[in-house]
Amino acid sequence: MEANPPNMCRVCFEPGGRVVFVAPGTRLAEAAALVGLVLEQACGGRGQCGRCRVIVHGSAIPPSSPDLTFFCEEDLEAGWRLACQAMVYQDVTVEIPPRSLAFGRPKILAEHLPIVVAATDYPVRKVLVQLKERSAEDSKALLEELKEHLGDFRLPLGVLQKLSQLDYRALSNVTVVVEEEDLCRPSPEELPEPRRSSSDIPGRESDGGNPSGTVSASAGQGLSVTLAQNLLDIRPGDHTASHLAVAFDIGTTTLVANLVDLGSGQRLAVASEINPQVRFGEDVISRIQYSRDHPDGTARLHEAVLQGCTQLVARLCEQARVASGDIYVSTFAGNTTMLHLLLGLEVGRLGEAPFAPVFQLGLSFRSKELGLPFYPYGQAYILPIIGPFVGGDTVAGMLAVRLWNRPGPALLVDIGTNGEIALSCEGKLYAAATAAGPAFEGVKIRCGMRAVSGAIERFQFLDGQPMWQVIGNQPPAGICGSGLVDLLAELLRFQIVAPTGRMLSPEDAPRTLPQPLRERLRLVDGRPAFVIATPEQSAVGQPLLFTQQDVRQLQLATGAIRTGVILLCKLVGISLRDVEEVWVAGAFGSCLRPESAQTIGLLPPEIPSERIHFAGNSSLAGATLVAVSLEARRCAEWLALQTRHIDLAAQAEFREAFARGMVFPEIHSS
């Protein structure tokens with residue numbers, strides 16, 4: 001064995017045998033990061049989420065106060081500790097369970113509703129310009145000749161410098177990239193209301209239309225210009241065939257991106273990964289707190305999300321075999337905090353009243369200003385937001401499902417740490433946010449984990465026996481959000497959990513409970529628990545337990561979403577039965593079984609299940625729409641300004657409604 005450097009402690013991480021030498025007093029989470037093992041720390045390392053669980057072998061590390069909260073006496077004796085709290089003072093071997101790693105292979109949703117867009121209103125167009133044949137005496141400036149063909153335009157100095165390097169006397173044609181923009185943004189009342197027809201946002205005709213055009217100098221043709229034009233690029237020859245845009249969904253947990261061909265509107269590639277910001281905290285509140293607690297916190301969060309986006313771009317370009325320098329349009333949807341951090345904006349004010357964001361309307365920048373590896377003078381568009389906790393992802397979702405254009409009352413529900421709800425009713429739009437908490441991400445759940453390999457994603461009792469489906473078809477290491485909803489629904493259905501949220505002990509369980517299920521009831525530290533998987537069945541050699549405390553966490557999360565839906569409908573003056581459509585957005589929503597979600601009250605049981613639809617990644621769909629359509633952008637701006645933001649917590653009946661929403665629907669024994 002290698003000798004320790006003086007005054008250093010040896011830490012060996014298993015499985016894998018990675019070794020690092022650290023100074024006494026180093027936290028295990030920091031030591032793990034030094035050998036490339038990034039642990040889950042949803043709370044930002046404050047010992048509040050319980051996600052960074054490890055097993056310490058060979059040398060005792062005394063339990064911290066948070067350890068006493070998250071582990072029973074048996075677990076503590078087995079060496080279980082929170083890595084963010086455990087400090088190393090002597091050589092130690094540490095076992096890291098799979099569910100404690102932040103960067104497993106995530107199951108990330110990239111699919112969304114089909115999108116169709118107008119074939120004539122691209123934000124950026126490629127135009128092939130036929131140049132005149134020049135004599136040796138012709139001294140006319142190339143820039144002026146281009147203006148004869150294109151009309152007046154502006155251009156960055158860098159493009160003019162590039163133009164000066166061309167030997168244009170030898171050129172017969174050039175490809176120019178033209179951007180159209182409004183010189184003056186209209187006031188809110190001047191923004192056009194989206195058309196209410198079956199074709200809005202107008203469908204691409206079957207024969208398409210191409211954003212690339214040809215302008216013939218000899219024919220004296222010019223482009224019809226209704227908006228100000230920017231000349232973004234000029235290249236010798238015909239490059240109209242490659243015309244690319246990238247759309248991003250900047251999620252709190254995940255990043256997803258589409259590479260789109262502007263000529264056909266088709267997706268060329270898709271890529272996704274965990275948002276690298278998770279190492280600073282899993283939810284927006286913990287990241288806001290991180291930015292406030294550290295002088296360079298905002299900068300580090302900004303750099304992390306840019307790093308993630310850059311990696312996605314590299315993968316997209318590798319898949320499609322294109323160059324990132326050919327990408328002229330990029331668009332970004334995300335919640336308010338994520339979009340602020342993408343731009344490197346301070347987010348401290350989003351964590352305290354009155355929670356004022358820096359911007360609301362959409363923003364446009366040059367790609368190089370954001371520091372992303374696209375064509376430097378390309379267009380980067382940030383979707384508008386509705387409020388501090390109802391962001392561009394909700395606007396994108398409303399755009400993707402055409403929420404304003406539904407014939408009857410319609411809901412869009414994005415279930416996550418920050419649940420976002422939008423309602424369309426009689427031509428008016430409303431939106432609200434509700435703090436569901438991170439339970440659906442597996443945070444503060446004893447054996448909870450993210451939707452990665454080893455997570456139970458489906459669960460049911462079949463003939464009195466627990467049956468599950470695990471991501472990656474392997475022994476379960478834990479259970480993710482969709483599996484938790486299934487599990488809780490089954491426990492309610494078999495009356496192991498009462499509508500009040502009380503989990504029954506083995507003695508209190510109904511006599512009709514099948515014996516195999518009765519045998520899985522336990523008392524842990526004197527409180528009821530249910531054995532999801534035995535030590536022999538699990539991947540971690542320990543039982544996977546679902547406890548009374550886990551029920552309470554899910555009860556809080558479910559109650560928050562349910563209360564938001566009920567209150568929003570009540571404030572508008574409709575009942576839940578009046579709602580004709582419910583669109584469930586996001587990765588978590590797409591994995592839900594409607595019957596399980598309605599059983600626990602996460603989705604209203606009063607609404608017939610056939611009215612519930614899954615929109616997939618509607619944030620990515622909306623970001624893709626605004627990447628290829630100016631009309632979609634105008635619609636997004638209109639949606640952000642016309643949607644009335646409702647502060648649910650400020651409503652007089654909020655507390656009473658939340659108390660009622662915490663009670664699960666009555667379920668009869670099967």
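This report walks through selected strands, helices and cysteines of one predicted model.

## A buried strand and its two partners

Start with strand β12, residues 244-250. Of its 7 residues, 7 are buried, so β12 is largely enclosed by the rest of the structure. The side chains split into two sets. Leu244, Val246, Phe248 and Ile250 point one way. Ala245, Ala247 and Asp249 point the other way. Both sets are buried.

Strands of a sheet pair through backbone hydrogen bonds, either parallel or antiparallel. Strand β12 shows both kinds. With β13 (residues 254-261), β12 runs antiparallel, and 7 bridges join the two. One of these links pairs leucine 244 with aspartate 261 in β13. A hairpin of 3 residues leads from β12 to β13. With β15 (residues 327-334), β12 pairs in the parallel sense, over 7 bridges. Here aspartate 249 has alanine 333 of β15 as its bridge partner.

## An open sheet with a helix across it

Now look at an open sheet of 3 strands. Its order is β22-β21-β23, and the pairing is mixed. Strands β22 (465-470) and β23 (478-479) stand at the edges. Each has a single partner strand, so one side of each is left without a neighbour in the sheet.

Strand β21 covers residues 455-462. It runs parallel to β23, and 2 bridges join them. Alanine 455 has glycine 478 in β23 as its bridge partner. Helix α11 (residues 481-493) lies across β21 and β23. Its direction is at about 20° to β21.

## A helix with a buried side

Helix α4 spans residues 142-150. Its buried residues are Leu142, Leu143, Glu145, Leu146, His149 and Leu150. They cover an arc of only 160° around the axis, which puts them on the same side of α4. An α-helix has 3.6 residues a turn, so residues three or four places apart point the same way.

Just after α4 comes glycine 151. Its phi is positive, at about 90°.

## Two helices that cross

Two packed helices are described by the angle between their axes and the distance between the axes. Take α6 (residues 284-293) and α7 (residues 297-320). Their axes come within 6 Å and cross at roughly 130°. The two helices are therefore oblique to each other.

Which residues of α6 and α7 meet? From α6 come Arg287, Tyr290 and Ser291. From α7 come Gly297, Thr298, Arg300 and Leu301.

How many disulfides does the model have? The count is 0. Take cysteine 52. The closest cysteine sulfur belongs to cysteine 84, at 3.7 Å, which is too far for a bond. The cut-off is 2.5 Å between the sulfur atoms. Cysteine 84 is in no disulfide either, and its nearest cysteine sulfur is that of cysteine 52.

Are these cysteines buried or exposed? Cysteine 52 is buried, with a relative accessible area of 2%. Cysteine 84 is buried too, at 3%.

## A serine at the surface

Serine 65 sits in helix α2, which covers residues 65-70. It is exposed, with a relative accessible area of 56%.

Key: Residues are numbered from 1 along each chain as its sequence is written. This is a predicted model: local features need pLDDT of at least 70, side-chain atom pairs count only at pLDDT 80 or more; totals for chains, interfaces and linings use all residues. Side-chain values use heavy atoms; hydrogens and water are left out. Buried means under 20% relative accessible area, exposed over 50%, partly exposed in between (1.4 Å probe, protein chains only). Helices (H or I, at least four residues) and strands (E, at least two) are DSSP runs, numbered from the N terminus. The arc is that of the directions from the helix axis to the C-beta atoms. Two strands pair if DSSP finds at least two bridges between them. Contact means heavy atoms within 4.5 Å. Axes are lines fitted to C-alpha atoms, for helices over the stretch in contact, and angles run from 0 to 180 degrees between N-to-C directions. Angles under 35 degrees count as roughly parallel, over 145 as roughly antiparallel, 65 to 115 as roughly perpendicular and the rest as oblique.
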